[in-house]
Amino acid sequence: MTAAAPTVVWLRAAILLFVAQVTCEYGMVRVVSETGGPKGKDYCILYNPQWAHLPHDLGKASLLQLRDWTASMLCSPSDLPAKGFSNQIPLVMRGNCTFYEKVRLAQGSGARGLLIVSKETLVPPGGNKTQYEEIGIPVALLSHKDMVDIFKSFGRAVRAALHAPNEPLLDYNMVVIFIMAVGTVALGGYWAGSRDVRKRYMKHKRDDGPEKQEDEAVDVTPVMTCVFVVMCCSMLVLLYYFYDHLVYVIIGIFCLASSTGLYSCLSPLVQRLPFGKCRVPDNNLPYFHKRPQVRMLLLALFCVAVSVVWGVFRNEDQWAWILQDALGIAFCLYMLKTIRLPTFKACTLLLLVLFVYDVFFVFITPFLTKSGNSIMVEVATGPTDSATHEKLPMVLKVPRLNTSPLALCDRPFSLLGFGDILVPGLLVAYCHRFDIQVQSSRIYFVACTIAYGIGLLVTFMALALMQRGQPALLYLVPCTLTTSGALALWRRELGMFWTGSGFAKDIPQPSWAPAAAQGPQPPKESEATLSQQPPGEAQVMPALPAEQPPELTEPKDVAGVST
């Protein structure tokens with residue numbers, strides 16, 4: 001034990017030294033023109049606070065002359081100017097010698113700071129404890145692109161101030177993301193549930209209404225859930241290793257799917273317009289042979305045009321994110337309307353499997369990758385070494401509203417993946433369908449929607465405390481599943497809620513059904529027979545005379561809802 005103690009101490013010292021060497025923080029350099037030209041601008045820098053700390057307040061930072069010395073590597077005394085760098089911040093190129101040698105020469109010639117220009121990925125300027133104690137001026141890395149922009153925008157006579165503002169715990173853009181996410185889940189769940197129940201009742205009408213032409217929803221089975229998760233895992237791993245090749249495939253799929261979703265969301269509104277009802281002439285062209293209405297054809301062209309505009313200008317950070325979010329919300333609403341979970345059992349299976357998937361790829365994969373980065377976060381934000389610099393569009397994104405080094409350097413947008421909306425949204429839609437069938441005044445729908453909002457707030461709190469990407473389903477799944485199940489247990493409807501047996505799939509509400517206000521009435525013989533059927537078996541209504549078809553009474557939740 002005694003002999004091993006020095007070894008343990010040495011290993012701890014080595015680990016601490018290694019951690020110290022890679023310590024880095026993002027900062028800012030405020031650049032202004034000496035001639036009073038355009039307004040000052042902030043640029044990103046990467047610095048090591050162990051060389052020298054930067055002030056957090058810009059007012060306490062010295063505004064010094066920025067001198068372009070990039071023709072030199074500053075690796076030997078011969079690279080220094082004749083009069084030195086007195087009260088200046090020199091710009092020198094990276095390479096040929098260590099960071100310590102560069103900053104030691106700059107400090108010895110009177111420099112008050114050093115900016116090392118790099119054409120490669122920015123890395124922290126490391127050193128050792130002795131070197132840190134010797135150097136008293138800040139040293140940071142600046143990208144070559146930013147250096148070119150500085151002299152292009154402000155000319156050669158410029159001044160600069162190095163500072164590192166504190167990062168806010170939460171950005172105000174989280175409020176915008178919260179409203180969009182909760183609003184999408186609530187609207188999608190309400191629309192999907194109401195549309196599904198309305199279609200069940202419309203099946204019993206004798207006339208062929210427009211509802212007959214609607215696409216049927218897809219019921220998710222356990223096999224489909226397993227296949228979907230395997231495909232998600234495979235696609236995520238492929239994107240991690242072949243990001244530059246597959247990112248354009250994902251962008252193309254998003255353009256197609258989002259334009260379809262936008263058409264699906266806007267078509268009920270367009271159908272209410274009093275004009276454009278005329279149809280195209282008879283023809284043999286694909287799709288057009290069905291003679292669509294002119295207004296629907298114009299809507300389709302508009303949706304495709306919006307998607308194409310986003311695809312062309314997707315990298316315009318000033319406004320393209322608005323189009324991406326609008327298309328993304330339309331896509332989510334379309335998916336919530338199209339995909340249906342038939343039972344709470346199916347909801348639980350899907351949410352728990354994706355819960356494990358999300359946690360694994362965020363928290364576990366950093367231990368399996370060489371870089372130590374999370375596969376999920378790396379793919380969602382785009383690899384730092386990507387040659388295309390493209391970003392996946394399958395997220396809601398809102399620019400950061402606070403001015404901070406992190407927003408300027410690494411994460412100018414806050415993101416929320418579509419899966420964090422769609423997966424809980426399917427449960428919300430199921431709750432609404434169940435509400436309508438058992439006539440519970442939407443208590444399940446409201447409770448699940450509120451639980452989703454609370455789970456999202458917990459996610460934001462975890463993000464602020466840990467300062468790293470979070471698997472949102474880690475917080476959303478327990479909140480929504482627990483709330484829905486507990487409510488069903490409290491109302492003594494857990495059996496029906498679990499199996500979906502509260503849904504009368506093809507049975508219209510008969511005209512003799514008693515109103516809730518009239519109190520309980522004894523069941524008729526046909527009802528008693530049906531109630532004795534075991535759960536899951538088809539229930540068949542006794543045949544009624546053809547001359548006396550039953551009148552259908554649609555529930556209040558369905559009335560007036562456009563599908």
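In this predicted model, Glu-390 and Arg-314 are joined by a salt bridge in which the closest N and O atoms are 2.8 Å apart. The two partners belong to distant parts of the chain, 76 residues apart, with Glu-390 in the loop between α11 (375–381) and β10 (395–399) and Arg-314 in the loop between α8 (294–312) and α9 (320–338). Glu-390 has a relative accessible area of 5%, and because buried means under 20%, this residue counts as buried. Side chains of opposite charge can pair when their charged atoms come close, and a search of the whole structure finds seven salt bridges.

**A salt bridge between a strand and a loop**

- The side chains of Arg-159 and Glu-34 also meet in a salt bridge, with a distance of 3.4 Å from N to O.
- Arg-159 lies in strand β7 (residues 158–163), while Glu-34 lies in the loop between β1 (25–33) and β2 (41–47), so this pair ties together parts of the chain that are 125 residues apart in sequence.
- Arg-159 is partly exposed, with a relative accessibility of 33%, and Glu-34 is likewise partly exposed, with a value of 36%.

**A salt bridge between Arg-491 and Glu-493**

- Arg-491 forms a salt bridge with Glu-493, and here the closest N and O atoms are 3.2 Å apart.
- Arg-491 counts as partly exposed at 27% relative accessibility, whereas Glu-493 is buried, with a relative accessible area of 12%.

**Packing of helices α10 and α15**

- Helix α10 (residues 344–364) packs against helix α15 (residues 473–490) at an angle of about 160°, and the axes of the two helices are 9 Å apart.
- Angles over 145 degrees count as roughly antiparallel, and therefore α10 and α15 are described as roughly antiparallel to each other.
- On the α10 side, the residues making the contact include Phe-344, Leu-351, Phe-355, Asp-358 and Phe-363, and on the α15 side they include Leu-473, Val-477, Pro-478, Leu-481 and Gly-485.
- When the residues in the contact of α10 with α15 are sorted by type, they divide into 12 nonpolar, four polar and one charged.

Conventions
Residues are numbered from 1 along each chain as its sequence is written. This is a predicted model: local features need pLDDT of at least 70, side-chain atom pairs count only at pLDDT 80 or more; totals for chains, interfaces and linings use all residues. Side-chain values use heavy atoms; hydrogens and water are left out. A salt bridge is a side-chain nitrogen of Lys or Arg within 4 Å of a carboxyl oxygen of Asp or Glu. Helices (H or I, at least four residues) and strands (E, at least two) are DSSP runs, numbered from the N terminus. Buried means under 20% relative accessible area, exposed over 50%, partly exposed in between (1.4 Å probe, protein chains only). Axes are lines fitted to C-alpha atoms, for helices over the stretch in contact, and angles run from 0 to 180 degrees between N-to-C directions. Angles under 35 degrees count as roughly parallel, over 145 as roughly antiparallel, 65 to 115 as roughly perpendicular and the rest as oblique. Contact means heavy atoms within 4.5 Å. Ala, Val, Leu, Ile, Met, Phe, Trp, Tyr, Cys and Pro count as nonpolar, Asp, Glu, Lys and Arg as charged, and the others, Gly among them, as polar.
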